[in-house]
Protein chains: 2
Amino acid sequence: MSFIVERLTIIGVGLIGGSFARALRQAGVVKTIIGVDRDISNLKQAQSLGIVDEISENPCEGVRDADVVFISVPVCSIPAVVQQIAASLGPGCIVTDGGSVKAGIVSCCERLIPEGRHFVGGHPIAGTEYSGAAASFATLYKNKRCILTPTTDTDPTALALISHLWQSTGADVCSMDAQRHDRIFAEISHLPHMVAYSLVHAVGTADAEGEDILSYSAGGFRDFTRIASSDPAMWRDIAIMNHTALLASIDGFSSSLAVLRASIEQGDGEGLVDFFTKAKCFRDGIK
Amino acid sequence: MSFIVERLTIIGVGLIGGSFARALRQAGVVKTIIGVDRDISNLKQAQSLGIVDEISENPCEGVRDADVVFISVPVCSIPAVVQQIAASLGPGCIVTDGGSVKAGIVSCCERLIPEGRHFVGGHPIAGTEYSGAAASFATLYKNKRCILTPTTDTDPTALALISHLWQSTGADVCSMDAQRHDRIFAEISHLPHMVAYSLVHAVGTADAEGEDILSYSAGGFRDFTRIASSDPAMWRDIAIMNHTALLASIDGFSSSLAVLRASIEQGDGEGLVDFFTKAKCFRDGIK
């Protein structure tokens, strides 16, 4: 067995960071994994579960002598972490992240990384509704996409190594421009979350006026609104970080809803069937 | 075993009508079930599966000598069916329906039913994504709600019998005003469908411009938009029949989305957390 990374530091040993560690250890490609987390009980649990070999509460200490640093903290905190650790990174060290918004993070982090060290933006498309090191598992990324967002400034060797690591977790790795990434995820992930939160907000507000509406909700409503149970702080970060693409997506959605509303108001049965059929075709076309 | 209904006619032997027949037969409360359907192959299949005893393609013939008639056809067709069969209903016959919109249907049908015959509006809160007699099963209504919407003109004996039949299927039966029913279902069922169709419509439209967006959609998007695969003709009927309550629900939703959009545009992190937390509390409060 040959290691491709001697020392890997993971900052934020939760579901994402913990699963990355477990998958790489299982693949036998990393020799030593150092865990860094602000939550000491989570960190000790990660160590006792064998997810990480060494632990540190201090990011600067944790990244010393690391070959690769993976940052898996909430998206708005990623640039701050890079700023904090920048001076402690050894020559040739590669920093990468798992944030679900990319353009702002990549441009910030490229500026913050010192000469001779490298940054590669990444986003594994995987997750569950659970969080914390104990919720992590080695197969989280198996057959899931991982998107890397290199720029013209990205070091090709660093990109190849991060790509190799993600492939070792079982992920299908692809690359794209960070702006394109953010437009796509605004549409297929961030917008649906905003819509789900708004729907439950609206129905709950109507319910608060005394109709006891939510007690009549059947499985469909529960399934449809499950994502409105997601972590508010995480979605605050994503909404703020990706506001440009997200506002455009919300406006596109509002335009579609306005077309539908007009057909309902006019009793336009043909228009309604056209609208629903077009949506159904898009939906049924998803593999 | 004592039958509470000698002859039950089901007009529209699909998932809803077929499951009603199967459940009542299993409960042993109905002696003879007559199936009426425009689709003769579906009707013959219902007979060969033992769901119905006798079949007819002619509603007027099918309801002759029936004690109870259950109409489970698309909501916009229910008044037309009642109009068609009205003159063929025997004295004391009770007509009921399974339509998911109630105010318009109930007021129409009460006017159409001749003296000495009765109408009771109903809506079983159950379903699957499948349709047709072959998709029906005896336990569809078990522990599901069935809402009856009597008016001041509803015959109490007729109401009690229809309530008894639904209880025999295993459903939890409750009664409410038809307008209240329509407001509640506009919020928790019809609005979510309009939102899901609009979301897929918007994302699909953006995708049609060459981003290949939908290929990146993960499980969350698929789960969230599953209801946009529903039958366009069925939802056209519901949107038209319940347009008053539905337009109010859409406007309430749009107001919530506008609040959220403003917080995103202003980068108001506190406002975003408040909004998401309020929605999450409503969502997590659903039993």
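1. First, a caveat. This is a predicted model, so please read each point below with that in mind.

2. Let's start with how the two chains meet. Chain A puts 79 residues into the contact, and chain B puts in 79 residues as well. Between them the chains bury about 7400 Å², and 71% of that lies on carbon and sulfur atoms. On the chain B side, the residues that lose the most area to chain A are Tyr216(B), Phe224(B) and Arg283(B), which together make up 11% of what that side buries.

3. There is a polar side to this interface too. Between chain B and chain A, 16 residue pairs are in polar contact, counting pairs with both residues at pLDDT 80 or more. The rule also finds four salt bridges across the interface. One of these pairs Asp251(B) with Arg261(A), where the closest N and O atoms sit 2.8 Å apart.

4. Which parts of chain B touch chain A? Six elements each supply at least two residues to that side: strand E8 (145–148) and helices H7 (178–208), H8 (219–225), H9 (232–241), H10 (243–265) and H11 (269–284). H7(B) gives the most, with 21 residues. By residue type, the side of chain B that touches chain A divides into 45 nonpolar, 16 polar and 18 charged residues.

5. Now for a helix in chain B. Helix H5 of chain B covers residues 103–112, and Ala103(B), Ile105(B), Val106(B) and Cys109(B) are buried there. Looking down the axis of H5(B), the buried residues fall within an arc of 165 degrees, so they line one face of the helix.

6. Asp237 of chain A deserves a look. Asp237(A) belongs to helix H9 (residues 232–241) of chain A. Is this aspartate buried or exposed? Asp237(A) is buried, because its relative accessible area is 4% and the cut-off for buried is under 20%. Setting aside residues up to four places away in sequence, Asp237(A) touches Pro74(A), Val75(A), Cys76(A) and Ser77(A).

7. Then turn to Asp237 of chain B. Asp237(B) is placed in helix H9 of chain B and counts as buried, at 5% relative accessibility. What does Asp237(B) contact, leaving aside its neighbours within four places in sequence? The residues are Pro74(B), Val75(B), Cys76(B) and Ser77(B).

8. Two backbone angles in chain A are worth checking by eye. Asp65(A) has a positive phi of about 70 degrees although it is not a glycine. Where does Asp65(A) sit? Asp65(A) is in the loop between helix H3 (59–62) and strand E4 (68–71) of chain A. At 58% relative accessibility, Asp65(A) counts as exposed, since the cut-off for exposed is over 50%.

9. The other angle belongs to Asn143(A), which is not a glycine either and has a positive phi of about 60 degrees. Asn143(A) lies in the loop between strand E7 (122–124) and strand E8 (145–148) of chain A. Asn143(A) is exposed, with a relative accessible area of 58%.

Key
Residues numbered from 1 in each chain as written. Chains lettered and ligands numbered in written order. Predicted model: local features only at pLDDT ≥ 70, side-chain atom pairs only at ≥ 80, totals over all residues. Heavy atoms only, no water. Contact = heavy atoms within 4.5 Å. Buried area = accessible area lost by both parts, 1.4 Å probe. Salt bridge = Lys/Arg side-chain N within 4 Å of Asp/Glu carboxyl O. Polar contact = N/O pair within 3.5 Å; in protein donor to acceptor, adjacent residues only side chain to side chain. Helix = DSSP H or I, 4+ residues; strand = E, 2+ residues; numbered from the N terminus. Nonpolar A, V, L, I, M, F, W, Y, C, P; charged D, E, K, R; others polar. Buried < 20%, exposed > 50% of the residue type's maximum accessible area, 1.4 Å probe, protein only. Arc of directions from axis to C-beta.
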